[in-house]
Amino acid sequence: MKLFNKYIWLRKLGMFVLDIALIIFSIYLSMELRFEMYVPVRHAQTMRAAMPFIVCAYMACYFFGGIYQIMWRYAGVRDVARLCLLSGIAGGLTLALNQFLNLGLFRSVLIYVPLMGTLLIGGSRMLWRVFSKDRIPGGLGDAMPVMVVGAGEAGAYAVNICNKNPKQLGKPVLLVDDARSKQGLRIQNVPVRGTTHDIPKLVTRYGIREIIVAIPSLGTGERMQEILELCNQSRCHTRMISEPADTDAMGSDATPFIRELNISDFLSRDEIELDTDSIAGYLSGKTVMVTGGGGSIGSEICRQIMRFKPKLLIIFEIYENCAYELEYELHQKYGRDCPVVTLIGSIRDRARLDEVFELYHPQVVFHAAAHKHVPLMERSPAEAIKNNVFGTRNLLESASTHNVERVVQLSTDKAVNPTNVMGATKRITEMLIQRYGEKTNMKCMAVRFGNVLGSHGSVIPLMEAQIRKGGPVTVTHPDVTRYFMTIPEAAQLVLQAGGIARSGSIFVLDMGEPVRIMDLAQKLIRAYGYEPNVDMPIKIIGLRPGEKLYEELLMDSERDKMTKTAHKKIFVANVDKVDDDQFDRMMETLELVVDKNDERAVEAIADVVPTYHPWKEKKKIEEKKAAG
């Protein structure tokens, strides 16, 4: 701390000495202007005698006026106005000293000095800005007190836009930053008061009601988690400065903006390192088709594919609104001539699939179309069979007939020891991938992963909507856990897995550690400025039909045989294979119940998938209740 204080004072001393030199130069320059570049000796001697009084007047005004507390790299209009005002006050003070002390100076010279001094001192500060290539944010405002975490460029940006829109965003009262060199400085007159560890006590001391985290460079790593936990402890509404790339969905000239926290901010995830060469090797210059391309994950896969410059991207979707919005977004970002076509159709319709494959000849297919909502499929099991199983078979048949090179199927952790219809049908699609990977020339693979944050119907958007309505926030069970992954993370890893040439493989993504839904609910409630079960109730509603307490990424028979790939987050599950005769009998069994949305369909699925236990989870909960 002593070294830190020494550094601060040395820096301020250097600026102080520079300003003394600039004021002295301003005095000489003012004399030269007054006497048209020829100063009589008598007047020069008078000025030298009076110079200490003038310099002291100016430096006293600058020092006590707070000029040396301003972080000039981020100075705004208000800070420049302060320099002008203090120079004017100093000029008036020197005029008074000249009058009452009979210094014998020309008043015109004393009027020139504050003008010259402001130009020289302000110019020296702006030169620093030019050389350090920083923007000059500015603005004024007054509203609810806000703390900004981070006194860098993002922090200056946050202060600026808050001042421009104080009624909506609040008034910045102070900043915190862990950099010792920034302590005690100001950004647009907003002081840096402490470090991130001081957040809870500073919130109490200054009555802070809003916190804006403005350190986008930290991403979502462990340090960001520590900062968000400190913000959570303060019970303040917390928001965050977004990365410019996050807002670049509708145009290339995106800028940062202040957004609400989402639950992915609380998940400590390392940034994914992609092998872009292997992805580009099978996507660049190719015709790529994405089924279910308008959905949450399908649309993100489309966005990621466009980074690798395909010859044509086909968005195949049954729901026209989402598909249209995605097409419009991609055209806005990549131009009206970008190679994207949206086709409406269903994977249930084999004739439509044949038509699309015959017309466009896609070389790579990402299969994201599926019925995914667990409770809905429990009530309509035959629809899950039609869409997930036979729809996937239609796609694989049509793709193999039309010489597709590669098919990547999106699977789920719910396919592991499934207790619901959706998971069981996805397990059957994994079997289909294995079969067609062995029996055709296509490279077929499935990618198995867990819950995706922010996808349609996922728990987080539901909780956020409940909080905005005033609660209660519903949780199915106190002990329920899930694996979570962000939509971009899932899409990137799917593309990466598609580049691994192991046909018939089931790839498993590293989902990190499972997370308790109750913990997520509490963190999300605190992020909105409420205290769980005090300001915002949490209600336990019980597991929905087909839900499990916890999910698994591997079956017991797969754990010991799992192998690594070249990518540290992608593994291969060595799933037991099904022989041809057995598989054909399985399909025949399911074909008999495609129009029977009752127990007959459930029983048929159970016959086909030996690890499917539709009543296992319900029995487990009942046993737990009976045990007290």
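Mentor: Helices here are DSSP runs of H or I with at least four residues and strands are runs of E with at least two, both numbered from the N terminus. This is a predicted model, in which local features need pLDDT of at least 70 and side-chain atom pairs count only at pLDDT 80 or more, while totals for chains, interfaces and linings use all residues. Residues are numbered from 1 along each chain as its sequence is written, and side-chain values use heavy atoms, with hydrogens and water left out.

Trainee: How many helices and strands does the protein chain have, and what percentage of its residues count as buried?

Mentor: The protein chain has 22 helices and 22 strands. Buried means under 20% relative accessible area, exposed over 50% and partly exposed in between (1.4 Å probe, protein chains only). Of the 628 residues, the buried share is 53%.

Trainee: Which residues does L590 contact, leaving aside its neighbours within four places in sequence?

Mentor: Contact means heavy atoms within 4.5 Å. With those neighbours set aside, the partners of L590 are I385, V389, F390, I428, A604, I605 and V608.

Trainee: What class makes up 7 of the residues in the contact of helix 10 with helix 17?

Mentor: The axes (lines fitted to C-alpha atoms over the stretch in contact, with angles from 0 to 180 degrees between N-to-C directions) of helix 10 (residues 296-306) and helix 17 (residues 487-498) come within 9 Å and cross at roughly 60 degrees. Angles under 35 degrees count as roughly parallel, over 145 as roughly antiparallel, 65 to 115 as roughly perpendicular and the rest as oblique, so this pair is oblique. Helix 10 brings S296, E300, I301, Q304 and I305 to the contact, and helix 17 brings I487, P488, A491, Q492, V494 and L495. With Ala, Val, Leu, Ile, Met, Phe, Trp, Tyr, Cys and Pro counted as nonpolar, Asp, Glu, Lys and Arg as charged and the others, Gly among them, as polar, the contact has 1 charged and 3 polar residues, and the 7 are nonpolar.

Trainee: Is helix 10 roughly parallel or roughly antiparallel to helix 11?

Mentor: Helix 10 packs against helix 11 (residues 320-334) at about 20 degrees, with axes 11 Å apart. That angle therefore makes the two helices roughly parallel.

Trainee: How many charged residues are in the contact of helix 16 with helix 18?

Mentor: Helix 16 (residues 459-468) and helix 18 (residues 517-527) pack at about 40 degrees, their axes being 11 Å apart. V459, I460, M463, E464 and I467 of helix 16 meet I517, L520, A521, L524 and I525 of helix 18. By class there are 9 nonpolar residues and no polar ones, and the number of charged residues is 1.

Trainee: What distance separates the C-alpha atoms of D579 and R435?

Mentor: D579 sits in the loop between strand 22 (570-573) and helix 20 (580-591) and is partly exposed, at 44% relative accessible area. R435 is 144 residues away along the chain, yet the C-alpha separation is 8.6 Å.
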